[in-house]
Every structure is written in structure tokens, then in C-alpha cells.
Amino acid sequence: MRLHGEVSFDEDEEEVVMVPAAALSSSPLNGGAVPVTRLVVGYALTKKKVKSFLQPKLLLLARKKGINLVAIDDTRPLAEQGPFDVILHKITSKEWQQVLEDYHEEHPEVTVLDPPNAINHLNNRQSMLAEVSDLNLSSFYGEVCTPRQLVIMRDPSSIPTAVAMAGLTLPLVAKPLVVDGTSKSHELSLAYDEASLSMLDPPLVLQEFVNHGGILFKVYIIGETIQVVRRFSLPDVNTYDLLNNVGVYRFPRVSCAAASADHADLDPHISELPPRPLLEKLGKELRGRLGLRLFNIDMIRELGTKDRYYIIDINYFPGFGKMPGYEHIFTDFLLNLAQSKYKKCLSGG
Ligand SMILES: O=P(O)(O)O[C@H]1[C@H](O)[C@@H](OP(=O)(O)O)[C@H](OP(=O)(O)O)[C@@H](OP(=O)(O)O)[C@H]1O
Ligand SMILES: Nc1ncnc2c1ncn2[C@@H]1O[C@H](COP(=O)(O)OP(=O)(O)O)[C@@H](O)[C@H]1O
Ligand SMILES: [Mg+2]
Ligand SMILES: [Mg+2]
């Protein structure tokens, strides 16, 4: 991170002068024509994520704000690239994780978004929710919990007995235990009866299905910024369904971007967004517990309740590109990172 007053010239860039982001508005340098901060952000993302996240409007605004987004070349040693102020990544391979950890040992001044060991918590549907199973937010306009669930590592024939012993209530959602961005990790099923459970394919997690009116809240968190969207979800399962259905049914990705419910005409008891103070408190709590700054939460409100919510899924670095105004939110987040690092440097932190 180049500090105050240094001038850096890139052969193909305008002259820029480093001043703390806070000084942007007052700096005499800020004639508005030349970006007066420089933040070099190296990124290591899949082609799919580059396509969905690094949209032209983000690249343009980043450039205007003096943020240089640089693709990390995975064919060259990371140490020979940069220098970077921030590394932004979403690559699941163990090799990359090791490269990043070795690099960060040599360059502790570089901000890694986000630390691999924190991301790993979300790559397993048991550890993912273990971090949030004992939240106590009831004084913030509602309670937030996680559905009861059971991890099955092997031996499908043992599942019916294990579920009976655990006292889980049907129907159950069966989810692959490992989440690695592949389509397999999103192959979910709904099980209506215990006997059929032996048809499932471990390792998996069996989670109690919670009726929620068919609407899910996707809560995006970028640093301290929170944005909620509504998505269509699985329909409720009533007693009649349970009595007249047996078996395990695979279902598609029902709550993706195309399933937006933001403009649907819905029962307000079902579609009303969770209260802002609850989301603010929840976001703060999860950032602390998960040690992450870029994630989203899939959250549902139990049907018939005013304020009992369940977190059913947490995703690292999700589809931010679909968030309205994400380019402003994300570039401001990066500049605030720089500013807080600069202040920390000044205070000898
Ligand atoms: O696990 P669920 O709840 O389905 O969340 C998914 C994952 O976060 C996907 O990212 P990844 O594929 O990296 O895991 C993301 O796709 P993109 O980031 O490619 O957009 C989806 O974005 P939406 O399609 O906007 O929901 C988001 O819904
Ligand atoms: N416990 C649950 N109760 C009710 N619906 C659920 C539950 N778990 C998952 N679902 C439904 O299945 C969808 C996918 O589940 P999720 O855990 O988010 O998996 P993924 O990581 O593939 O998005 C959710 O969007 C929701 O519609
Ligand atoms: Mg989900
Ligand atoms: Mg998910």
C-alpha cells in the first residue's frame, strides 16, 4: 500500500497521487479529472464468476475511483506478480489455497478477501450452519435459528434408523455435505418418508423442511452493507402431501436469480422483508463469527409466525453481479478497506 504523497506512474495510466480516501473530497488534487487514490486489487476467479461479477459497469466505476483490478495469472508464481493491496478470490482448489497462504506469509500487508480457512467453513453444510446455530437476536425484532439437521457420512441403509433416533420430523431436505461450486453440490432432494431415505447417497446432510410460504430472502453482505432480495422457493408441504406422498424427489435450483419474487403480488405476511435492525445485527454477528466480508444468507420466515426465521444456506462470494447497484457498493467497500488500513498504518496498528 503506497502511503500519503507518493506518486506512482503506470506506463499506461495517468499520474496518481496517494491520499487517504477520506481526503478525497477536500484534496486540492481532486480536480475530479484524475483518480487520486490507487488501489491494486488482484483477482483469482473462475471464468463463470468473472463473467457474472466483473461486468463493464464495475470495471468502469473502479477505474474512475482509482481501483485497478488485475487478473492473477495462475501460470506464473504469485510472488512475481503485483504488488497488490488486496487479493480477491473464489477458487476452491487446495493448491490455490496453499499458494495464497504462502504468499500472505510473505506479504501480511495484503488484504485477502477472504481468508481461505474462513471460506472453508462454508464448503461443508454442517460447519456452515454450526457457526450460526446459537444466535440470540430475540431483542432485535425476531429470532434466527437453523433447522434441525443430521449428517450422514456413509451406509445409506442406516439412514431410516438414524433419523428415527434423532427424532427429525419429515419431510426432510437432503443436501450434499460438500459445497464446492459444482452442480453436484446443488443436487438437493425432498424426502417424504423414512423408508425411502435408504435410497439417498451419502455423504449428505438431512435438514428438517420448514414451511415458509414459498418465498426465500437472499441477504447479500458486502462488508457492512446489507441488501435483501426475495426469491421464489419450494412450496409448503402440508399434512395431506405427507400422507399421500412417498419417496425421495430431486428438485432443481428453485431460488436462483431467474426466480426473483421482488415484483410478485404476494401475501405481505409471507413476503414482508425481515426487519432492518435484525438484519444489521445478524450481519454484524455473522461477519464476526464467520470471519468473512463477502457472503450471502438464504433465510426463510416460518409460515404462521411473525418473526421466527431460519438460516438454511450461506454462500461465499455469491452472485453479487445481480444485486442492484452492486458496482457502487463493491467499489466503496474496497475504498473503505484501503481507508481503514491507511488509518491503521497511521495509528501504528
Ligand atoms: O448456493 P445458492 O444459494 O444457489 O447460491 C448461489 C451461488 O452463490 C452461486 O455462486 P457459485 O456458483 O459460485 O456457488 C451464484 O452464482 P453466480 O455467482 O455465478 O451468479 C448464485 O447466484 P444467483 O444465481 O444470483 O442466485 C447463488 O444463488
Ligand atoms: N430446510 C429447508 N426448508 C425449506 N426449504 C428449504 C430448506 N432447505 C432448502 N430449501 C429450499 O431448497 C433451496 C436450495 O437449498 P439451499 O440450502 O439454499 O441449497 P443451495 O446451496 O443449492 O442453494 C432453497 O432455496 C429453498 O427453496
Ligand atoms: Mg441457497
Ligand atoms: Mg448455497
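Asp114 sits in the loop that links strand 6 (111–113) to helix 4 (116–120). In this predicted model, the peptide bond between Leu113 and Asp114 is cis, with an omega of about -10°. A cis peptide bond turns up again between Pro202 and Pro203, where omega is about 0°. Here too a loop is involved: Pro203 falls between strand 10 (188–191) and strand 11 (204–208). As a rule, most peptide bonds are trans, and most residues other than glycine have a negative phi. Asp155 is a case of a positive phi in a residue other than glycine, with a value near 55°. Asp155 belongs to the loop running from strand 8 (149–152) to helix 6 (159–166).

Now for the annotated region. The UniProt record, an unreviewed entry, puts the feature "domain: Inositol-tetrakisphosphate 1-kinase N-terminal" at residues 40–119.

Next comes a pair of helices. Helix 2 (residues 56–64) and helix 10 (residues 326–346) have axes that come within 9 Å of each other. The two axes cross at roughly 40°, and helix 2 and helix 10 are therefore oblique to each other. The crossing of helix 2 past helix 10 is right-handed. On the helix 2 side, the residues that take part in the contact are Lys57, Leu58, Leu61 and Ala62. They meet Tyr326, Glu327, His328, Phe330 and Thr331 of helix 10. Sorted by class, this contact between helix 2 and helix 10 brings together five nonpolar residues, two polar ones and two charged ones.

How far can the picture be trusted? The average pLDDT of the protein is 88, and 89% of the residues score at least 70. Residues 1–32 are another story, with a pLDDT below 50. In the model this stretch still has 57 contacts beyond near neighbours in sequence. Where pLDDT is low, though, the predicted coordinates should not be read in detail. For the complex, the predictor reports an ipTM of 0.92 along with a pTM of 0.88.

Technical notes
Residues are numbered from 1 along each chain as its sequence is written. Chains are lettered from A and ligands numbered from 1 in the order in which they are written. This is a predicted model: local features need pLDDT of at least 70, side-chain atom pairs count only at pLDDT 80 or more; totals for chains, interfaces and linings use all residues. Side-chain values use heavy atoms; hydrogens and water are left out. Axes are lines fitted to C-alpha atoms, for helices over the stretch in contact, and angles run from 0 to 180 degrees between N-to-C directions. Helices (H or I, at least four residues) and strands (E, at least two) are DSSP runs, numbered from the N terminus. Angles under 35 degrees count as roughly parallel, over 145 as roughly antiparallel, 65 to 115 as roughly perpendicular and the rest as oblique. A crossing is left-handed if the near helix is turned anticlockwise from the far one by less than a right angle, and right-handed if clockwise. Contact means heavy atoms within 4.5 Å. Ala, Val, Leu, Ile, Met, Phe, Trp, Tyr, Cys and Pro count as nonpolar, Asp, Glu, Lys and Arg as charged, and the others, Gly among them, as polar. UniProt positions are given in the numbering used here, feature names are shortened, and annotations may be inferred rather than shown by experiment. pLDDT is the predictor's confidence in each residue, from 0 to 100.
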